[in-house]
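Visitor: I have a model open on my screen and would like to learn how to read it. Could you walk me through some of its features?

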Amino acid sequence: MIRWIIKMLLNGAALLLISKWFTSIYVANFTVALWAILILGVVNTLIRPVLTFFTLPLTILTMGLFWFVINALTFALTAYFIDGFEVGPWPDNIGIVMVAAALMSIFGWLIEMVVGMKKEKR
């Protein structure tokens, strides 16, 4: 449970950092970032598999590059649900949202690598 809370806090901080790097991505405060991370987890759990299934031929055709578009869509959908989290004009901003979503994935992976490690029992 403590690891999960630490991951949430670090992912929220990562989202705030990303919002500082890109002016079109706006996160009002840390509380909004935490809610956004929670909703992003729900969207990634429930909606992303459906999107991935229906766009599988396109993803295969583009050799996996369409994954970035799916990532951006889930990121923008999360922003749609959360007041205080904006991704700018959609779909005009899709390039920036794709980069920001990819960075969020990289940060999440790094956080999982560091915090997700369990101590070995002897």
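**Helix packing**

Guide: Let us start with a pair of helices: H1 and H6 pack with their axes 10 Å apart, at an angle of about 150°. That makes H1 roughly antiparallel to H6. The crossing in which H1 passes H6 is right-handed.

Visitor: Before we go on, what sort of model is this, and how are the residues numbered?

Guide: It is a predicted model, in which local features need pLDDT of at least 70 and side-chain atom pairs count only at pLDDT 80 or more, while totals for chains, interfaces and linings use all residues. Residues are numbered from 1 along each chain as its sequence is written, and side-chain values use heavy atoms, with hydrogens and water left out.

Visitor: And how do I read a helix pair in general?

Guide: Two packed helices are described by the angle between their axes and the distance between the axes. Helices (H or I, at least four residues) and strands (E, at least two) are DSSP runs, numbered from the N terminus. Axes are lines fitted to C-alpha atoms, for helices over the stretch in contact, and angles run from 0 to 180 degrees between N-to-C directions. Angles under 35 degrees count as roughly parallel, over 145 as roughly antiparallel, 65 to 115 as roughly perpendicular and the rest as oblique. A crossing is left-handed if the near helix is turned anticlockwise from the far one by less than a right angle, and right-handed if clockwise.

Visitor: Which residues make the contact between H1 and H6?

Guide: Contact means heavy atoms within 4.5 Å. On the H1 side, the residues include Ile-6, Leu-10, Ala-14 and Trp-21, and on the H6 side they include Leu-103, Phe-107 and Ile-111. By class, this contact of H1 with H6 has 13 nonpolar, 2 polar and 3 charged residues. Here Ala, Val, Leu, Ile, Met, Phe, Trp, Tyr, Cys and Pro count as nonpolar, Asp, Glu, Lys and Arg as charged, and the others, Gly among them, as polar.

Visitor: How does H1 sit against H2?

Guide: The axes of H1 (residues 2-21) and H2 (residues 30-46) come within 8 Å and cross at roughly 115°. H1 and H2 are therefore roughly perpendicular to each other, and their crossing is right-handed. Among the contact residues are Trp-4, Met-8 and Leu-16 of H1, along with Phe-30, Ala-33 and Ile-37 of H2. The residues of this contact of H1 with H2 divide into 12 nonpolar, 2 polar and no charged.

Visitor: At what angle do H2 and H5 pack?

Guide: H2 and H5 pack at about 130°, with their axes 9 Å apart. These two helices, H2 and H5, are therefore oblique to each other. The crossing of H2 and H5 is right-handed. Residues that meet there include Ala-36, Leu-40 and Val-43 in H2, with Phe-75, Leu-77 and Phe-81 in H5. The contact of H2 with H5 divides into 7 nonpolar, 3 polar and no charged residues.

Visitor: Is Leu-77 buried, partly exposed or exposed?

Guide: Buried means under 20% relative accessible area, exposed over 50%, and partly exposed in between (1.4 Å probe, protein chains only). Leu-77, found in helix H5, counts as partly exposed at 27% relative accessibility. Not counting residues up to four places away in sequence, Leu-77 touches Val-43 and Ile-47.

Visitor: What about Met-63?

Guide: Met-63 is found in the loop between helix H4 (56-61) and H5. With a relative accessible area of 76%, Met-63 is exposed. Its phi is near 55°, a positive value in a residue other than glycine.

Visitor: How many aromatic pairs are there?

Guide: Rings of Phe, Tyr and Trp (its six-membered ring) pair if their centres lie within 6.5 Å; planes under 30 degrees apart count as stacked, over 60 as edge-to-face and the rest as tilted. By this rule the count comes to 5 aromatic pairs. The rings of Phe-53 and Phe-54 have centres 5.2 Å apart and planes at 75°, so this pair is edge-to-face. Phe-53 counts as exposed at 58% relative accessibility, and Phe-54 counts as exposed at 63%.

Visitor: How is the pair of Phe-75 and Phe-85 arranged?

Guide: Phe-75 and Phe-85 are edge-to-face, 5.5 Å centre to centre with 90° between the planes. Phe-75 lies in helix H5 (residues 66-81) and Phe-85 in strand E2 (residues 85-86), so the pair ties together parts that are 10 residues apart in sequence. Both Phe-75 and Phe-85 are buried.
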